[in-house]
Amino acid sequence: MAEKRIVSTTEEQNGFAVRDLILIAVLLAAGAVLKLTVSSFLSFAGMKPNFMIAMYCLAIILTRPKVYQAAIIGLITGLISQIPLLNATPLVNIASELVGAVVCGVLVASLVKVAADNKGLQNVVFPLIITLISTVFSGYTFALIVGVGLSGLGVAEVLVMYAVMVLGTATMNAAVAAILTPVLRSVLKR
């Protein structure tokens, strides 16, 4: 049976319930803390999970916002990433997180009906796929801005140069989302 969110008429009109806003804030804060602390320890061959992306994907997957609300979550994440220790390239994360969150919002909106009757898809497969694709879009947006826009490299060069890093990070983020989604869903049901 499909999981139904019970919301009031006001919440349906405005989009987010208070619980959703708290969840988003906690996940984004957790993403920042994890990026500052654990992320470096999980680094392998230049790849490491980007907990900011993983957490905003989780927030979007769990709260199912409208696409414009997902864009706001991405914008907030990009702004949080401007904290000096979270970002080596100021302002680039604003664009890349915005793109990643919009892609995540579009995927969640289009796949939520497909997964309505299948908890396995809802809890593991779709979070994995959605986070993987969203991270690729975010990562390549970042890479194209830095590589093409700031360094003058060609698009093909940037796509190849950043492939291992973007795809490795996307895989790690997808694993984080696939592991945490069922856990957080069961906690939120209580």
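This is a predicted model: local features need pLDDT of at least 70, side-chain atom pairs count only at pLDDT 80 or more; totals for chains, interfaces and linings use all residues.
**Exercise 1. State how many helices and strands the protein chain has, and how its elements run from the N terminus on.**

Solution. 
- Step 1: The secondary structure of the protein chain comes to eight helices and zero strands.
- Step 2: Read from the N terminus on, the elements are α-α-α-α-α-α-α-α.
- Step 3: The protein chain has 190 residues, and 42% of them are buried.
- Step 4: Take the contacts between residues at least 6 apart in sequence; 71% of these join residues at least 24 apart.

**Exercise 2. Determine whether α2 and α3 are roughly parallel or roughly antiparallel, and describe their contact.**

Solution. 
- Step 1: The axes of α2 and α3 lie 8 Å apart, and the helices pack at an angle of about 165°.
- Step 2: Angles over 145 degrees count as roughly antiparallel, so α2 and α3 are roughly antiparallel to each other.
- Step 3: The crossing of α2 and α3 is right-handed.
- Step 4: On the α2 side, the contact is made by Asp20, Leu23, Ile24, Leu27, Leu28, Gly31, Ala32, Leu34 and Lys35. On the α3 side, Phe51, Met52, Met55, Tyr56, Leu58, Ala59, Leu62 and Thr63 take part.
- Step 5: Sorted by class, the contact of α2 with α3 has 13 nonpolar, two polar and two charged residues.

**Exercise 3. Determine how α3 is oriented relative to α5, and sort the residues of their contact by class.**

Solution. 
- Step 1: Helix α3 spans residues 51-63 and helix α5 spans residues 92-111. Their axes come within 10 Å and cross at roughly 30°.
- Step 2: Angles under 35 degrees count as roughly parallel, which means that α3 is roughly parallel to α5.
- Step 3: The crossing in which α3 passes α5 is right-handed.
- Step 4: From α3, the contact uses Ile53, Tyr56, Cys57, Ile60 and Ile61. From α5, the contact uses Ser96, Glu97, Gly100, Ala101, Cys104, Gly105 and Val108.
- Step 5: The residues of the contact of α3 with α5 comprise eight nonpolar, three polar and one charged.

**Exercise 4. Decide what the sulfur separation says about a disulfide for Cys57 and Cys104, and whether each residue is buried or exposed.**

Solution. 
- Step 1: A search of the whole structure finds zero disulfides.
- Step 2: For Cys57, the nearest cysteine sulfur is that of Cys104, 3.9 Å away. For Cys104, the nearest cysteine sulfur is that of Cys57.
- Step 3: A disulfide requires cysteine sulfur atoms within 2.5 Å.
- Step 4: Buried means under 20% relative accessible area. Cys57 has a relative accessible area of 0%, so Cys57 is buried. Cys104 is also at 0% and therefore buried.

Note on methods:
Residues are numbered from 1 along each chain as its sequence is written. Side-chain values use heavy atoms; hydrogens and water are left out. Axes are lines fitted to C-alpha atoms, for helices over the stretch in contact, and angles run from 0 to 180 degrees between N-to-C directions. Helices (H or I, at least four residues) and strands (E, at least two) are DSSP runs, numbered from the N terminus. Angles under 35 degrees count as roughly parallel, over 145 as roughly antiparallel, 65 to 115 as roughly perpendicular and the rest as oblique. A crossing is left-handed if the near helix is turned anticlockwise from the far one by less than a right angle, and right-handed if clockwise. Contact means heavy atoms within 4.5 Å. Ala, Val, Leu, Ile, Met, Phe, Trp, Tyr, Cys and Pro count as nonpolar, Asp, Glu, Lys and Arg as charged, and the others, Gly among them, as polar. Buried means under 20% relative accessible area, exposed over 50%, partly exposed in between (1.4 Å probe, protein chains only).
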